[in-house]
Amino acid sequence: MEKCFKVITMDQADDILNKNALKANDFSFQLQTNYAYMFEIDEKWLLIPNHFDGDCILFDSFECYDNFYKNETFPVENNAKDIFEYEDSEILKRMDIHYPKYIEYFKKALNDSTIAVNKESIKKCFLYLKEKDANRKLVTIDGIAFVGVFGEYFRQEKGGKWAYIKRYGQYNPYYEPHIYIEAEGKLISVYNTVFRFFDEKFEKFMHNTMTWGFTGSRLSSLERDKIEYKIFDATNNAQDSLRLE
């Protein structure tokens, strides 16, 4: 397929807007996914990030833009990436299946074949991350791996279900693992639950993460805001899903 777009800087986009006597509020429409702005420039279309900062995309035609939009693969990486943009999205979407990958990660990192989904193992992983953090050696995969292992422990203890919420960065989507607690009617962010109390000692960390009032996204709010999510049952089959256009 012949290339039908050009990635340009914000300064170059400003020049195009100025030459066509267009201001920031003269956009043709705003995307409902990443809230980027589209400007019609003769037969071309200019896509500018929501915050008017970072790379922009100039498409030769609306059809060119629409192809990228429908496939959700804009040819620019998100800036200021979220932690979950550094892992395979297919893994993050199905943590109910893939959390064992992170058990294996900690087995290798700790040289400990006994790592499993239990409190003793959670403590070992937690202390390992605390030591790496103290030595400024903590890396992204450490945080994602702990979300996987702790998340499964949390799910089992609370009788929850793995889920994800689809989020958007500057242009492209990513997937954040959650646990659905039916009694709360919420999807609980494992990452926020874990790292909200990461600075505490282990016993206090465990007490707070397991008993603190859960903050999360209510399903009714997600539906109202047209945010895609999916909930999986304990047998790894999709039990509930929602996609809103």
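Student: What is the handedness of the crossing where α4 passes α6?
Tutor: Left-handed. Keep in mind that this is a predicted model.

Student: Which residues of α4 and α6 meet there?
Tutor: From α4, Met95, Tyr99, Tyr102, Ile103, Tyr105 and Phe106. From α6, they meet Ile141, Asp142, Ile144, Ala145, Phe146, Val147, Gly148, Val149 and Glu152.

Student: How do the residues of that contact divide into nonpolar, polar and charged?
Tutor: The α4–α6 contact has 12 nonpolar residues, one polar and two charged.

Student: And at what angle do the axes of α4 and α6 cross?
Tutor: Roughly 120°, with the axes coming within 8 Å. The helices span residues 95–110 for α4 and 140–158 for α6.

Student: Next pair. How do α5 and α6 cross?
Tutor: At roughly 160°, and their axes come within 10 Å. Here α5 covers residues 119–134. An angle over 145 degrees counts as roughly antiparallel, so α5 is roughly antiparallel to α6. The crossing is left-handed.

Student: Which residues make the contact of α5 with α6?
Tutor: α5 supplies Lys119, Ile122, Cys125, Phe126, Tyr128, Leu129 and Lys132. α6 supplies Asp142, Phe146, Val149, Phe150 and Tyr153. By type, the α5–α6 contact has nine nonpolar residues, no polar and three charged.

Student: What about α6 and α8, left-handed or right-handed?
Tutor: Right-handed. α6 and α8 (residues 202–211) pack at about 60°, with their axes 11 Å apart. They are therefore oblique to each other.

Student: Which residues form the contact between α6 and α8?
Tutor: On α6, Phe146, Phe150, Tyr153, Phe154, Glu157 and Lys158. On α8, Phe205, Met206, Thr209 and Met210. The α6–α8 contact divides into seven nonpolar residues, one polar and two charged.

Student: Phe146 keeps coming up. Where does Phe146 make contact?
Tutor: Phe146 of α6 is among the residues that meet α4. Phe146 is also in the contact with α5, and in the one with α8.

Student: Where is Glu72 placed?
Tutor: In the loop between α2 (62–71) and α3 (89–93). Glu72 is partly exposed, at 21% relative accessible area.

Student: And what about phi for Ala80?
Tutor: Ala80 has a positive phi too, about 45°, and is not a glycine. Ala80 is found in the loop between α2 and α3.

Student: Is Ala80 buried or exposed?
Tutor: Exposed, with a relative accessible area of 77%.

Student: New topic: Asn50. Which residues does Asn50 touch, leaving out those up to four places away in sequence?
Tutor: Gln30, Asn34, Tyr35, Ala36 and Tyr37. Asn50 is placed in the loop between β4 (44–48) and β5 (56–59). At 24% relative accessibility, Asn50 counts as partly exposed.

Student: Last one, confidence. What pLDDT does the chain average?
Tutor: The average is 92, and 94% of the residues score at least 70. Over residues 235–245, though, pLDDT is below 50. That stretch has 27 contacts in the model beyond near neighbours in sequence. Where pLDDT is low, the predicted coordinates should not be read in detail.

Technical notes
Residues are numbered from 1 along each chain as its sequence is written. This is a predicted model: local features need pLDDT of at least 70, side-chain atom pairs count only at pLDDT 80 or more; totals for chains, interfaces and linings use all residues. Side-chain values use heavy atoms; hydrogens and water are left out. Axes are lines fitted to C-alpha atoms, for helices over the stretch in contact, and angles run from 0 to 180 degrees between N-to-C directions. Helices (H or I, at least four residues) and strands (E, at least two) are DSSP runs, numbered from the N terminus. A crossing is left-handed if the near helix is turned anticlockwise from the far one by less than a right angle, and right-handed if clockwise. Contact means heavy atoms within 4.5 Å. Ala, Val, Leu, Ile, Met, Phe, Trp, Tyr, Cys and Pro count as nonpolar, Asp, Glu, Lys and Arg as charged, and the others, Gly among them, as polar. pLDDT is the predictor's confidence in each residue, from 0 to 100. Buried means under 20% relative accessible area, exposed over 50%, partly exposed in between (1.4 Å probe, protein chains only). Angles under 35 degrees count as roughly parallel, over 145 as roughly antiparallel, 65 to 115 as roughly perpendicular and the rest as oblique.
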